[in-house]
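Subject: Structure handover

Hi,

Here is the structure for you to take over. My notes on it follow below.

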Amino acid sequence: MKRPTEWFIERWILFNGIFSIAAVGLIFFFLTKEGFNLFKHYPLKDFLSGRQWYPISEPPKFGILPLILGSFWVTAGATLIAVPLGVASALFIAEVAKGWIKEYLKVGVEILAAIPSVVLGFVGLVTLVPMVKQMFHIPTGLTALSGAIMLAFMAMPTVVSIVEDALTAVPRSYREGSIAMGATQWQTIYRITVPAAGSGIVAGVMLGIGRVIGETMAVMMITGNAAVIPHTLLQPVRTMTATIASEMGETVQGSDHYFSLFAIGIVLFVITFIINLAADFFLHRKK
Amino acid sequence: MVEQQSSVVSRQSSERNVKINVGNLNVYFGAIHALRNISLEVYKNEILAAIGPANSGKTTFLRCLNRMNDLQPNFRVEGKVLLDGKNVYDTAVDVPFLRRRVGVVFATPTPLPMSVFENIAYGPRRLGTGKRSILEKIVERSLKKAALWDEVKNRLRDSALKLSGGQQQRLCLARALAVEPEVILYDEPCSGLDPISTAKIEETMFELQKDYTQILVTNNTKQAARVSERTAFFLMGELVEIGLTDKIFTAPQDQRTEDYITGRFG
C-alpha cells in the first residue's frame with residue numbers, strides 16, 4: 001500500500017505531464033483547423049508556390065514563396081555566420097581556454113543569450129543597418145544580410161552552449177590517449193574530440209537554426225519587410241514570422257487573410273518540427 | 001647473500017646506462033605538494049616498478065616523465081627529469097615528440113572510438129606516415145609485439161570498443177609501440193583485468209625488455225615482485241626506498257616499506 005503523499009505526487013506529476021502535452025496538441029489542432037479554412041477557397045499549390053503575396057488586393061494573392069525564401073535567406077545567412085563562429089568559440093572555451101578566461105567567456109555567452117531579441121533588433125537598426133548601407137552603397141540597409149548578421153548573434157549562444165557541452169562530454173581518456181601518442185593539441189581536437197562530439201555538434205547547429213527560423217522581432221525590425229522574391233542577400237526580405245506578426249493585428253477575423261496567416265503558421269511549425277526532430281535524432285544517436 | 005646483492009647493485013649502477021635521471025623533483029597541484037624531492041635513476045632496458053598506497057605520488061611521478069601532467073590545471077614542477085641527459089622540462093623541448101619517445105599505457109583501457117587498425121595507425125599518421133602499406137606493416141608489427149595479433153588479425157576493421165578489456169589494454173600497448181618509443185610507462189595497467197589477461201601483459205613486458213626501458217606503476221605488490229628488476233616505494237609524495245626488487249621484498253631497509261609490503265597498511 002502506497003503512502004498517500006506518494007500517491008498524490010505521482011498523480012500531480014502525471015496531470016502536469018498530460019497537461020503540457022495536451023496543450024501542444026491543442027495548439028496544433030487550432031492552428032490546423034484555422035489554417036485549413038484557407039484551402040477551401042484557395043488552392044494549396046498556389047499558396048505554397050505562388051510568387052506574390054498581396055493579401056488585401058482584389059482578388060487577393062496568398063503566394064508565400066517570397067516569405068519562405070525570405071526566411072530561407074535570412075536563416076541560411078545567419079547559419080553561415082553563426083556556425084563557424086559558434087563552433088570555434090565552443091572549441092576555444094572547451095578545449096583551449098583555461099582558468100578565468102574560460103569562466104568569463106562562458107558567462108559572456110550566457111549574457112548574449114539573455115539579451116531580448118527586440119533589444120538586439122533595435123541595436124541592429126541604429127548601428128548595423130547604416131553600416132550595411134554605406135558599405136555596399138545600396139539604397140537601404142534594411143536587407144536580408146542585416147537580418148542574417150543580427151540573427152547570427154541570437155543563434156550563437158545556443159550553438160556555443162550545446163556544442164561546448166558535447167565537447168566537454170568527450171571522455172578525457174580519448175584526449176589523453178591521443179596526446180600520449182605524440183599528437184599535438186590541434187591534432188587531438190581535430191581528429192578525436194570533434195569527431196567524438198560530432199552528433200552533439202550537429203544537434204547544436206540544428207537547434208541554432210531552429211532558433212533563427214522562429215525569431216520574429218529582430219527580423220521584423222531590420223530586414224525591410226518587402227514581400228518580394230529576393231535575388232541577393234542585399235535586398236529587403238520578409239520572413240514568415242514577420243508576416244504573421246505584422247499582419248495579424250490588422251486582418252478581419254475569419255477572413256481568408258486571417259486564415260492564410262494561420263496557414264503560414266502551419267508551414268513554420270512543420271519546418272521547425274523537422275529541424276528539432278533532426279536535432280533530437282543527432283543528439284541521441286549512439287555511436 | 002644480502003651483501004653480495006648490494007655489491008651487484010653498485011656495480012650495475014655504475015656500469016649500466018642511465019636512461020632517465022630524476023633529480024630533486026618537486027610537483028605541486030595548486031597548494032598540494034604532490035611529490036617531494038624525488039631523485040632516482042632508471043636504467044636502460046630495465047623494468048622498474050613503482051609501488052605505494054593511493055595518493056603516494058607514484059602515478060604523478062610517472063606522468064612527469066612524459067609531461068602528461070601538463071594537462072592538469074595548476075600543475076607546477078621543480079627539479080630535473082633527464083631523458084638521455086636532456087631535461088624534458090626545458091622550454092625548447094618538443095612535447096609531442098617527447099611523448100612519442102616515452103609512451104604510456106593507462107590504468108583503464110582507453111581505445112579511441114575507431115577501428116582497431118585506426119587506433120594503432122593514429123600515432124604514425126599524426127607523425128606524417130600516410131602510406132597504407134607502411135601503416136599495415138606498423139599495425140601488424142605492433143600488434144605482434146603486444147601479443148594481440150593472433151586474436152584480432154581478422155577484426156582489424158571492427159570498432160576497438162568491441163574488444164574485451166584485456167584485449168583493449170594490449171591494444172593500447174600496441175598503440176604506444178606503434179610510434180616506436182624508447183620508454184614505456186605503465187600506469188596500473190592490470191588494475192581492471194582478469195589474471196589471464198594480466199599474465200599476458202606481464203609476459204609481453206618481459207618480451208619487450210630487450211628493446212625498451214619500462215616503468216610499471218602498480219597497486220599490486222605481487223605483480224611488482226613478479227615483473228620488475230628494481231622497485232621504488234613511494235609514500236605520501238616521497239620516495240622512501242629504491243633497490244633490487246628481491247631486496248625490497250625480503251629485506252627492506254625502511255620500516256615503512258616493510259609495513260606496506262607485509263600488508264600492515266595501504
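**Contact between the chains**

Chain A gives 16 residues to the contact and chain B gives 21, where two residues are in contact if their C-beta atoms, placed from the backbone, lie within 7 Å. On the side of chain A that touches chain B, α7 (172-180) and α8 (185-196) of chain A each supply at least two residues. The largest share, seven residues, comes from α7(A). By class, that side of chain A has seven nonpolar, six polar and three charged residues. Here Ala, Val, Leu, Ile, Met, Phe, Trp, Tyr, Cys and Pro count as nonpolar, Asp, Glu, Lys and Arg as charged, and the others, Gly among them, as polar.

Some ground rules before the rest. This is a predicted model: local features need pLDDT of at least 70, side-chain atom pairs count only at pLDDT 80 or more, and totals for chains, interfaces and linings use all residues. Residues are numbered from 1 along each chain as its sequence is written, while chains are lettered from A and ligands numbered from 1 in the order in which they are written. Helices (H or I, at least four residues) and strands (E, at least two) are DSSP runs, numbered from the N terminus.

Two helix pairs to look at.

First pair: helix α4 (residues 99-114) of chain A and helix α6 (residues 144-168) of chain A. Their axes come within 8 Å and cross at roughly 135°. Axes are lines fitted to C-alpha atoms, for helices over the stretch in contact, and angles run from 0 to 180 degrees between N-to-C directions. The crossing of α4(A) with α6(A) is left-handed, that is, the near helix is turned anticlockwise from the far one by less than a right angle (right-handed if clockwise). From α4(A), the contact uses V109(A), E110(A), L112(A) and A113(A). From α6(A), it uses F153(A), M156(A), P157(A), V160(A) and S161(A). That contact has seven nonpolar residues, one polar and one charged.

Contact residues of α9(A) include V202(A), M206(A), I209(A) and I213(A). Those of α12(A) include I271(A), I275(A), A279(A) and F282(A). By class, the contact of α9(A) with α12(A) has 12 nonpolar, six polar and no charged residues.

**Chain B overall**

Chain B has 11 helices and 10 strands. Its C-alpha trace spans about 55 × 40 × 35 Å along the principal axes. For 266 residues, a compact globule would have a radius of gyration near 18 Å; chain B has 19 Å, which agrees. That radius is taken over C-alpha atoms, and the globule rule is 2.2 Å times the number of residues to the power 0.38.

**The four-stranded sheet of chain B**

Four strands form an open, antiparallel sheet in the order β2-β1-β4-β5 (chain B). Two strands pair if DSSP finds at least two bridges between them. β2 (32-43) and β5 (86-87) of chain B are the edges, each with a single partner strand, so one side of each has no neighbour in the sheet.

- β1 (residues 18-29) of chain B joins β2(B) through eight antiparallel bridges.
- F29(B) has I32(B) as its bridge partner in β2(B).
- β1(B) and β2(B) form a hairpin with two residues between them, and G30(B) in the turn has a positive phi of about 60°.
- β1(B) also joins β4(B) through eight antiparallel bridges.
- I20(B) stands opposite L83(B) in β4(B).
- β4 (residues 75-83) of chain B joins β5(B) through two antiparallel bridges.
- L83(B) stands opposite K86(B) in β5(B).

**The six-stranded sheet of chain B**

Six strands form an open sheet of mixed pairing, ordered β6-β7-β8-β3-β9-β10 (chain B). β6 (102-105) and β10 (238-244) of chain B stand at its edges. The twist averages 20° from one strand to the next. β9 (residues 230-235) of chain B pairs with β10(B) over six antiparallel bridges.

Best wishes
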